[in-house]
Amino acid sequence: MALHFSVYYHSPANGDLLRQVIDSSGAGLLAEVNDLAQLPVTGGNGTDVFLLEYQEDNPQLDQWIETTATNPQNPAIFLVFPEISTSQLLKALHLGVKECFAFPVGPEEFKEAVNRLLVRTALKAPPGGPTKIISFLGCKGGVGASFLIANLGYLLSREQQGQVLLVDLDLQYGQLVYFFDIKTRHSLSDIIAHLEEMDHAYLQNLVYPYNKFLSLLPGPTNLEEAEAITPEQVGKILSYLKNMQAYRWILVDAGHRMEEITLKALELADNLVLVTVPSVPALANTRKWLDLLHLLDLEVPLEIWLNAWDQNSTLTLSEVSDYLGTEVHGTLPVDVDAVNRSINDGRPLTETEPRHPLCQALQTRADKLAGKEILDEAMASGWGWLKRLTGKV
Ligand SMILES: Nc1ncnc2c1ncn2[C@@H]1O[C@H](COP(=O)(O)OP(=O)(O)O)[C@@H](O)[C@H]1O
Ligand SMILES: [Mg+2]
């Protein structure tokens, strides 16, 4: 969908710059370019976005912005400042402005803003059910938890049954961004800094949209910021995100450490997924986690996913279950090359190779979480035709 922009400038030279940004970003079509004095009294006549060069000390302009932004039927407003401060940004967002920029506006940042607007428009649609938080735990580092979250997130977004938000709470590492090859300007720490003034519009400016239905809230960019975050703040953010009822799915990367922030992510979850791999250290840690979860008595449904599973391994699935003392709910096949290819490309495997057995196994997990009826997991795993023909697999 191409958005139509009407540009209003204070100086004609800046009007030209804004026209160029729209052209060079390829993110929209230019409807018209006018002087600020010619702002329309009502509506937008086919325009989706008013892109305005902001003029300081012009109360009439402030008034126009507020009135226009109050009516949700009106085009969105993007403001461009000569220089921008946090207080200006907050004021503008509270007036109902959707995006703020400072000159010069880069084509990439402009494109991101347009994506965010498209996501927000989609957010107005009912989310397709109550928000569900699924928290993922790695039984130890490096078992593929973040990879699976990124890929499950993409699968759920492809269903287009509401928005999916990925939240990176593996604070020290904050790796989720790499699975989407995105460079983010904001993170969880920006939300924490403005926790008391948080509202829907402000939050939408801090999450990074990967596509129309999938966004990411990245973890802090450095250790100092990570250490400053408290379990209470994490609890507030997750509760806020859940109560917003704008997302259908919130997938939380809770990392792999037994610490209070991780436990907060588990406490507030509707479902838990504990990711493990078929190795002795990983399975031993999984048992420790199971003991801890038992002690915590969380009453949250738990699934155990066995990642990097090799069907030809000498270890059998029932041996793994016996050792853990509980059922394994899903196995995700090992494929070092395919997984690394997708990670290095910064695109989910479920996007680039949806027919890959790993993606099909993940689709089965997604369907289960989404409550879809699965008559026979073997059918869903792609080998159903063989079972039907031979009566056995
Ligand atoms: N199914 C799989 N098959 C092969 N390698 C995998 C698989 N899943 C993950 N990996 C490997 O595990 C590494 C760690 O993955 P990551 O998601 O960062 O782990 P975690 O978040 O648990 O620390 C990845 O770089 C990838 O090479
Ligand atoms: Mg990780």
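The legends below describe close-up views of a predicted model.

Residues are numbered from 1 along each chain as its sequence is written, while chains are lettered from A and ligands numbered from 1 in the order in which they are written. Local features need pLDDT of at least 70, side-chain atom pairs count only at pLDDT 80 or more, and totals for chains, interfaces and linings use all residues; side-chain values use heavy atoms, with hydrogens and water left out.

**View 1. The shell of residues around ligand 1.** Ligand 1 has 18 residues around it, and G142, A145, S146, F147 and N340 come nearest (a residue is near a molecule if one of its heavy atoms lies within 4 Å of it). By class, this shell holds 11 nonpolar, six polar and one charged residues. Here Ala, Val, Leu, Ile, Met, Phe, Trp, Tyr, Cys and Pro count as nonpolar, Asp, Glu, Lys and Arg as charged, and the others, Gly among them, as polar. At least two shell residues are supplied by each of α5 (145–158), β12 (302–309) and α13 (336–345). The largest share, four residues, comes from α13. Helices (H or I, at least four residues) and strands (E, at least two) are DSSP runs, numbered from the N terminus.

**View 2. Backbone atoms beside ligand 1.** An oxygen atom of ligand 1 lies 2.7 Å from a backbone N or O atom of G142. A polar backbone atom of G144 is 3.0 Å from an oxygen atom of ligand 1. For P333, a backbone N or O atom lies 3.1 Å from a nitrogen atom of the ligand. On its own, ligand 1 has 570 Å² of accessible area, of which the protein covers 80% (Shrake-Rupley method, 1.4 Å probe).

**View 3. The largest nonpolar core.** A nonpolar core is a set of buried Ala, Val, Leu, Ile, Met, Phe, Trp, Tyr and Cys residues joined through side-chain atoms within 4.5 Å; buried means under 20% relative accessible area (1.4 Å probe, protein chains only). Among the 88 residues of the largest core, L241 and L251 touch the most other members. Helix α5 gives the most to this core, with nine residues. Leaving aside residues up to four places away in sequence, L251 touches several residues, including I134, F136, I149 and L152 (contact means heavy atoms within 4.5 Å). Another core, of 20 residues, lies apart from the largest one and has V21, V80, F103 and F110 among its members.

**View 4. D62 in helix α2.** D62 lies in helix α2, residues 59–70. D62 counts as buried because its relative accessibility is 19%. Its side chain makes a polar contact of 2.5 Å with the side chain of Y54. A polar contact is a pair of N or O atoms within 3.5 Å; within protein, one must be able to donate a hydrogen and the other to accept it, and residues adjacent in sequence count only if both atoms are side-chain atoms. Not counting residues up to four places away in sequence, D62 touches Y54 and K91.

Terms used:
Buried means under 20% relative accessible area, exposed over 50%, partly exposed in between (1.4 Å probe, protein chains only).
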